[in-house]
Amino acid sequence: QKDRYDQMMAIYASVIERMDRAVGEVVDGLKQRGQLDNTLILFLSDNGGNAETGVQGRSVGEHPGDPFSDVFIGQCWATLNNTPFTRYKHYTDEGGIATPLIAHWPKVISGDRLGTLEKQPGHIIDLLATFTDVAKAEYPKEYHGHAITPLEGTSLLPAFTGQDLHRTQPIFWEHEGNRAVRDGDLKLVALENQPWRLYDLAADRSEQHDLAAERPDAVTALSAKWDGWAARANVLPLGAWRGERAENAAAPASNKTSFVLAKNDHLDRAEAPAIAKRGFTITADFEATADDGVIVAQGGAARGYSLSVDEGKLTFFVHDGAGSAKAVLPTSLRPGKKSTALARLASDGALSLSLDGGEEVTAKATGPLSAVPLDGLDIGKDTGAPVGPYQSAATFKGEIPRVKIEVNLK
């Protein structure tokens, strides 16, 4: 699949090239106005490489890379993105949080500092403190009679001129249950619900040698500081970030086990089949008149299933997070022929697909869908983010007089 992976990274590279051109336009505009030397420009990336779509990545859209496409490079490229750091976006290991910051301000940053590496670490929380310092402003203590949370960050201005930041407290992180604290060269880090690990980043920048067992006193001291910060910074209780997601996951879906629908019918999530952790069966009567078209689709880019005609062949597709599976009938459909498709997803993840009582084609997913998709259900089209395997959802051109969906209770 070299061409596929090359294309995904080429799209990322083109995004970087476009960003570089855009920054150049800003710089040119400042030059024209005679303001470049007296303008502080800070450029930073967001986080480590994104492995959230698993090994294979994801490329959805008729023309990958255009404004309507959705491209994730996947774990393979993300690993290379982050080398030599550990893990990826979402985690507080260095692969998820180490990011460059480029500072440009000729009036303040002297020529001998150009292109040099400043080894004092900073954090995005320091940017507001930096801007306040640069503007010689005083951060307010209240607004309209209400107290304002004091600044947590440290101004980076001294570092621009090679001076000590005089940071008075460690740098703290918490992201989706993963947590970390850095004090000088020592960094304490943990995955959600896992014990703390300790690293000396001066000697072990890529976090390969856990010192927690050798230096328990440092673990105790740093974890206590993290606990104090978490208490005052509204981080606790850990896991509260799941509130909205848990609410979505528990949002009502229909308690019906049998649905009979027809072309152009649509069910919102609350009315759609509750297929989380359950198998289901689709019986679809249809008459195809084109080589592509969606018969039924429930879900979107995150998870879902579809029964569709792709390049003339009947296809049953299921995906949930990083995993997907599809069953495809090998023989092309005859245009204008009335047919009945039978598609099943069993509770163990087994897929089967047959047409007009003929031989079954099978495939295997990792299991049933882990949650009810947020997107609803459509007959004859896919109005939300495309479920796939099609990159863009073609409206079914023929007739779909009846689609029956039955949900297994076990």
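This is a predicted model: local features need pLDDT of at least 70, side-chain atom pairs count only at pLDDT 80 or more; totals for chains, interfaces and linings use all residues.
1. The largest nonpolar core has 38 residues. Those with the most contacts inside this core are Ile282, Phe286, Ile295, Tyr305, Leu307 and Phe316. In general terms, nonpolar side chains tend to be buried together in soluble globular proteins.

2. Leaving aside neighbours within four places in sequence, Phe286 is in contact with Ile295, Leu314, Leu333, Lys337, Lys338, Ser339, Ala341, Leu355, Phe396, Glu399, Ile400 and Pro401. Another core lies apart from the largest one; this other core has 16 residues, including Leu188, Trp196, Ala230 and Val235.

3. Ser339 belongs to strand E18, which spans residues 338-345. Is Ser339 buried or exposed? Ser339 counts as buried because its relative accessibility is 7%, and the cut-off for buried is under 20%. Not counting residues up to four places away in sequence, Ser339 touches Ala284, Asp285, Phe286, Leu355 and Asp356.

4. Next, please turn to helix H2, residues 74-82. The buried residues of this helix are Gly74, Trp77, Ala78 and Asn82. They cover an arc of only 130° around the axis, so they sit on the same side of H2. What lies over these buried residues? The cover includes helix H1 (2-32), strand E3 (70-72) and helix H3 (94-97).

5. On to the charged pairs: the structure holds 16 salt bridges. One of them joins Glu17 to Arg21, with the closest N and O atoms 2.4 Å apart. Both residues lie in helix H1, 4 residues apart, which is about one turn of the helix. As a general point, an α-helix has 3.6 residues a turn, so residues three or four places apart point the same way. Glu17 is partly exposed, at 36% relative accessibility.

6. Arg232 forms a salt bridge with Glu152, and their closest N and O atoms are 2.9 Å apart. Arg232 is in helix H6 (residues 216-232), whereas Glu152 is in the loop between strand E6 (146-147) and helix H5 (157-160), 80 residues apart. Arg232 is partly exposed, with a relative accessible area of 44%. Glu152 is also partly exposed, with a value of 23%.

7. Asp320 forms a salt bridge with Arg303, the closest N and O atoms being 2.9 Å apart. Asp320 counts as buried at 19% relative accessibility, while Arg303 is partly exposed at 22%. The cut-off between these two classes is 20%.

8. Which residues are linked in a network of salt bridges? They are Glu94, Lys187, Arg205 and Glu207.

9. Leu44, Leu101, Ile124 and Ile125 make a nonpolar surface patch of about 330 Å². Within this group, Ile125 is found in the loop between strand E4 (101-104) and helix H4 (126-134). Ile125 counts as partly exposed because its relative accessibility is 40%.

Note on methods: Residues are numbered from 1 along each chain as its sequence is written. Side-chain values use heavy atoms; hydrogens and water are left out. Helices (H or I, at least four residues) and strands (E, at least two) are DSSP runs, numbered from the N terminus. Buried means under 20% relative accessible area, exposed over 50%, partly exposed in between (1.4 Å probe, protein chains only). Contact means heavy atoms within 4.5 Å. Patches are made of residues with over 30% relative accessible area and no salt bridge: like charges are joined within 9 Å, nonpolar side chains (Val, Leu, Ile, Met, Phe, Trp, Tyr) within 5 Å. Accessible areas come from the Shrake-Rupley method with a 1.4 Å probe; for residues, only the protein chains shown count as cover. A salt bridge is a side-chain nitrogen of Lys or Arg within 4 Å of a carboxyl oxygen of Asp or Glu. A nonpolar core is a set of buried Ala, Val, Leu, Ile, Met, Phe, Trp, Tyr and Cys residues joined through side-chain atoms within 4.5 Å. The arc is that of the directions from the helix axis to the C-beta atoms.
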